[in-house]
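Trainee: Could you take one part of this model and walk me through it closely? I would like the cut-offs along the way.

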Amino acid sequence: MTAEAVAPTDSAPSEPPTTSIGSVGEIGAFVDGAQAPVHTGSGDQNFYVSYQSLELSEAVLERDKEAMGVVDPQSISRLKKRFVVPRHYREAATMLMGPERCVFIAGKTGSGRNATGQMLLVEAGQGNEEFRTLQPEPDDPSDEMVREGDRLLLDLSSLGDSRFDAQLVRVSRLRELVYRRSARLVVILPADHALSTIEEFRSARVEITGPDPQAVFLNHLAAEGVRPSPGCVQNHFSSLRGKTMSELIAIVHDVATSKRRAPHTSDDQLVLQALNSQMAHREAIEGYLKRPKDVPGRALLLTIGMLEGAPVEVVFEARKSLLEVVRFIDDGSTDLDPPGATKDLARFAVKPVAEDGWRLRFEDPARGKAVVSYFWDEHPLVRGAIARWVRKLISDERLEPADQRGLAHRFGAQCMRTLQVDLALESSEEWALHHDDSVRQAAYAVLSALLADFRTGSKVSQRLYSWARDEVDSSQLGGMTIALCRNVLAKWSLDQAVVRLNWVARRHRAARIREDALAVLRELADDQLGRVLLVLSAAERFDPEIFNAVASPDRIRGALAREHVDWSLPTALERGWSGLLSCGRPELMYPWFELIAEAPDSTGKLVRRLAAVCGIERRMTGSLLMTAAAWMKAADGLSERERRVVVQLSIEQAVRARRPEIAAKRRRERDEAS
């Protein structure tokens, strides 16, 4: 996979207004310690799936390409072990299994809407736990999107009002398909969305409330093989009642990690150690921040957390740029060697490691992560400022690639943890356009993790669609789209990957990018030929050259020779041939006539399908016959001409054989019309 490097333009994209901080008092959440507003977090019971890191898990990378959105069994198993039934769950289950076959799940942020939707579909399978996820798309759903007996999850929770309203027409069409195919559909609504103005959907709406946090905590512990005594949890759970769902899962992760390291330690002790560690981190951080007007000190602490392991001079320069972003007036006391700098480092339990090139590290390896999470959760009003600072900082030439990856990882992890997808997308798009390959690699790392996560993937997929369709001049965005479609999106939604690659292969102005996209389409067709061709043939704008390039005669000949032919292949061929006959370029049909001539065992079936493509349209039938005649006349030599005449005659015979059927169909249509 290649992407042409494009030098950065002089006109950088305009940044949003920086957070104005005229005085310490105006900074509010940034300086007011424990009194600051606390973000509620995502509340997702299945949060553990992607909590541990931004690296793609093997389970995600190895998903069966044939699944096309099927949730992998490991995720279902994790959910079943951890799920706690929320209020009104049974009402939603009754609605889903009723004649409507559809339910809209509503609820507040943190109520567990997505986990509830998944569990409803698992139970609806009555033994077959497999279900598929759909993503919000701009186009109406095709007939092939819903299969007989399907169980589908459509997550609209991350959409804003305008995009959500645009999806409602699509949802109506989707409900029709679900009813016709005896399928089941769960739609996740945005937080607190009432659907009050939509009579069609209101009757199928069920609002759930969040599950008992103590039960969620115990279920997650049990799934990790940790079963503390009732007294242990009861005596100490009061300290956790104010924590978000994601914070509870973080504690479970710490307990599980400790159990693997010390398997003989009692479960009660492991839980107590994790609780004490969490409390110790928080107390230490709040202790660092006792002086409310010490904005430079707070900025230094956050900078070390985001850049832990970077050289000391880089950290202090980055602290300066953070203060500039929040418009703190520097009085000169924030230089590399101010009088209080050494004291600040000692106060934060940070030390420069001489043998590591004087890089700053917390004495407690877990402290840096806790610091970043603390600032992100306790001070949500400055997340935008932090994002602008990180976007600018990552291109600092003094940062080594490892420092850049670490910075992107920490920023992306916070965005994913709290579902701040737009912040991550804005930053990643800017990094993807950068001339430095290491910055683009940081963008890819963040985007691939967001795309692979079922909670955030839909927004990233939408951004890829926009890049593929509209960003026809950017080789960086074109290359990024191709890589993400090939390595991530195709693993869980082959259809979406093909749609986006088709746009790139058809519209991008750089020949090298178009060739890369076409090469990936061919690669995907190696495993799923019929499905790839079906999507290409049904594309918003059919491209005959791309269809022919992917559906090469040799590949089709091999597919037709198999004992079991993919059900979608004949349909894809018929649609593709129809597009080829309608595009005004008859020579593009010639390779298919050659295939018929060279595949005697399949000639009859192929010719009959080719004739059936024309349906009852005289124009299409005429185009087929004229194209076959032109192909026959273009033969070199008598023997070649005789060979082609056989194919031409067989096509004419197939067309004549269908005339009675076509005449009868026309009569029925006239009778129905009258």
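Mentor: Helix 18 passes helix 19 in a left-handed crossing, meaning that the near helix is turned anticlockwise from the far one by less than a right angle. Helices here are DSSP runs (H or I, at least four residues) numbered from the N terminus. This is a predicted model, where local features need pLDDT of at least 70, side-chain atom pairs count only at pLDDT 80 or more, and totals for chains, interfaces and linings use all residues. Residues are numbered from 1 along each chain as its sequence is written, and side-chain values use heavy atoms, with hydrogens and water left out.

The axes of helix 18 (residues 421–432) and helix 19 (residues 437–452) come within 8 Å and cross at roughly 145°; these axes are lines fitted to C-alpha atoms over the stretch in contact, with angles from 0 to 180 degrees between N-to-C directions. Contact (heavy atoms within 4.5 Å) involves Ala424, Leu425, Ser428, Trp431 and Ala432 of helix 18, facing residues of helix 19 including Arg440, Val446 and Leu450.

Because 9 of its 12 residues are buried, helix 18 is largely enclosed by the rest of the structure; buried means under 20% relative accessible area with a 1.4 Å probe, protein chains only. Among the buried residues are Val421, Leu423, Glu429 and Trp431. The buried residues of helix 18 pack against helix 15 (367–378), helix 16 (383–393), helix 17 (401–417), helix 19, helix 20 (457–470) and helix 21 (475–492). From its first C-alpha to its last, helix 18 reaches 16 Å, close to the 16 Å expected at 1.5 Å a residue, counting one less than its number of residues.

Conventions
Helix = DSSP H or I, 4+ residues; strand = E, 2+ residues; numbered from the N terminus. Buried < 20%, exposed > 50% of the residue type's maximum accessible area, 1.4 Å probe, protein only.
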